[in-house]
Amino acid sequence: MAVRVGVLGATGAVGQRLIQLLEPHPEFEIAALTASESSAGKTYRQAAKWRVDSPIPDDVAEMTVSATDPDEVPDDVDLLFSSLPSSVGEQVEPAFCEAGYVMSSNSSNARMADDVPLVIPEVNAEHIDLLEVQRDERGWDGAMVKNPNCSTITFVPTLAALEQFGLEEVHVATLQAVSGAGYDGVSSMEIIDNAIPYIGSEEEKLETESRKLLGEFDGAELSHNSVEVAASCNRIPTIDGHLENVWVETEDDLTPEDAADAMRAYPSLELRSSPDQLIHVFDEPDRPQPRMDRTLGDGMAIAAGGLRESTFDLQYNCLAHNTIRGAAGASVLNGELLLDQGYI
Ligand SMILES: NC(=O)c1ccc[n+]([C@@H]2O[C@H](COP(=O)([O-])OP(=O)(O)OC[C@H]3O[C@@H](n4cnc5c(N)ncnc54)[C@H](OP(=O)(O)O)[C@@H]3O)[C@@H](O)[C@H]2O)c1
């Protein structure tokens, strides 16, 4: 029987991607949609300015959007996907979990909380069991798992593949697409013919979330990885796909060939939305590129290339689709993990 799911913040950039991914999903059935008070009471077609690259699904289009309140969501919804602005998520997500809903959230609030699992299933699926600690501490029947920031998701799987060489220091510079700021995030007058070397709070997210993701969970507590990460974030005028330049220092010797082999061999998972090959490594020096490579593995794969030795042990570029692998797809994958691990 299909799992009944709801989408909080269903009308936004990530919410629309969630609808696109969930509507054909064989295990999940969309049963509730919420947004702000100004969208509540409208049909989804009226409330959402649909801008995804496939038609709005007819059955979802005719559903009524409700306010983002636990009393407005049917009790028989088994799983919620949240793509609310973090300021809103901070206010309402705990109320949903307290009311018994299990939630896979994309919003940045609470990502760094000690009892909230921050998960990329192919990297740290075992952290999901932090939910036992969360339920004990908070007295919730529900539960909350988070996926990381879209730029963090792009480079952390490559670091996970290199962890066997002993990660010491990582520098990362991002070139991030405009969809990462949400539909009303960056105006065309700001970004056309331009690049903006500042994205509020983004650098700190890459620096801290990466260490949590690569940390160890001993069944009671999570310790963060000690690797030093320094990030610099830039917004550029691409629509989708975050490109990142990464420099890595390792304890052990590491050649570009060893790194490419480790990335290619890094395993994916059997979850429905996991790509067959998680990390694609290009030999061509000018790849990956956002327009050409963001849809690899239906937008769920990571692309890497340009591996070479520099003043650091290793330098390379990586890329992921920010609203699919970096946001909606990441939440769906965590939903599949929750189902697989018996939390739903
Ligand atoms: N875009 C990305 O690539 C990306 C990647 C990773 C993480 N994220 C995170 O995902 C979240 C959503 O981002 P987005 O880009 O989809 O934003 P967005 O396009 O601005 O959409 C925001 C959604 O939240 C709803 N909302 C706004 N204020 C609300 C309120 N007071 N109460 C209830 N609902 C409210 C909006 O509904 P209305 O239509 O009714 O206003 C809309 O459905 C953010 O936390 C963001 O940081 C985004």
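Which helix is Cys150 found in? Cys150 sits in helix 7, made up of residues 150–162; helices (H or I, at least four residues) and strands (E, at least two) are DSSP runs, numbered from the N terminus. Please keep in mind that this is a predicted model, where local features need pLDDT of at least 70, side-chain atom pairs count only at pLDDT 80 or more, and totals for chains, interfaces and linings use all residues. Residues are numbered from 1 along each chain as its sequence is written, and side-chain values use heavy atoms, with hydrogens and water left out.

**The annotated active site**

- The UniProt record, an unreviewed entry, places the feature "active site" at Cys150 and His242; UniProt positions are given in the numbering used here, feature names are shortened, and annotations may be inferred rather than shown by experiment.
- These residues are spread over 93 residues of sequence, yet they cluster in space, with a largest C-alpha distance of 7.9 Å.
- Of these residues, Cys150 is included in the lining of the largest pocket. A pocket is found on a 1 Å grid over the protein atoms alone, as an open set of points where a 1.4 Å probe fits, with protein on both sides within 12 Å along at least five of seven lines; lining residues have an atom within 4 Å of a point.
- Cys150 is buried, with a relative accessible area of 13%; buried means under 20% relative accessible area, exposed over 50%, and partly exposed in between (1.4 Å probe, protein chains only).
- Neighbours within four places in sequence aside, Cys150 is in contact (heavy atoms within 4.5 Å) with Glu202, His242, Asn322 and Gly326.
- His242 belongs to strand 11 and is buried too, at a relative accessible area of 0%.
- Not counting residues up to four places away in sequence, His242 touches a list of residues that includes Cys150, Ser151, Thr154, Arg235, Cys318 and Asn322.
- A polar atom of the His242 side chain lies 3.0 Å from the backbone nitrogen of Ala177.

- An open sheet with mixed pairing is formed by 6 strands in the order 10-7-11-14-13-12; two strands pair if DSSP finds at least two bridges between them.
- Its edge strands are strand 10 (228–235) and strand 12 (279–281), each pairing on one side only.
- From one strand to the next, the twist averages 20°; axes are lines fitted to C-alpha atoms, for helices over the stretch in contact, and angles run from 0 to 180 degrees between N-to-C directions.
- Strand 7 (residues 167–176) and strand 11 (residues 242–250) run antiparallel and are joined by 8 bridges.
- Within that pair, His171 stands opposite Trp247 in strand 11.
- Helix 10 (residues 256–265) packs on this sheet, where it touches strand 12, strand 13 (302–308) and strand 14 (314–320), and its direction makes about 170° with that of strand 13.

- Cys233 has its place in strand 10 and is buried, with a relative accessible area of 0%.
- Beyond its neighbours within four places in sequence, Cys233 is in contact with residues including Thr174, Gln176, Tyr198, Glu202 and Leu206.
- Cys233 and Glu244 are 11 residues apart in sequence and 9.0 Å apart in space, C-alpha to C-alpha.
- Arg17, found in helix 1 (residues 13–22), counts as buried at 7% relative accessibility.
- The Arg17 side chain makes a polar contact with the side chain of Asp53 (3.3 Å). A polar contact is a pair of N or O atoms within 3.5 Å; within protein, one must be able to donate a hydrogen and the other to accept it, and residues adjacent in sequence count only if both atoms are side-chain atoms.
- Leaving aside neighbours within four places in sequence, Arg17 is also in contact with residues among them Asp240, His321 and Ala328.

**The annotated domain and the parallel sheet**

- UniProt (unreviewed entry) gives residues 4–131 the annotation "domain: Semialdehyde dehydrogenase NAD-binding".
- That span is 29% helix and 18% strand, and its end C-alpha atoms lie 21 Å apart.
- Another open sheet of 6 strands has parallel pairing and the order 3-2-1-4-5-6.
- Strand 3 (66–67) and strand 6 (143–146) each have a single partner strand, so one side of each is left without a neighbour in the sheet.
- Strand 5 (residues 102–105) pairs with strand 6 over 4 bridges, and Ser105 stands opposite Lys146 in strand 6.
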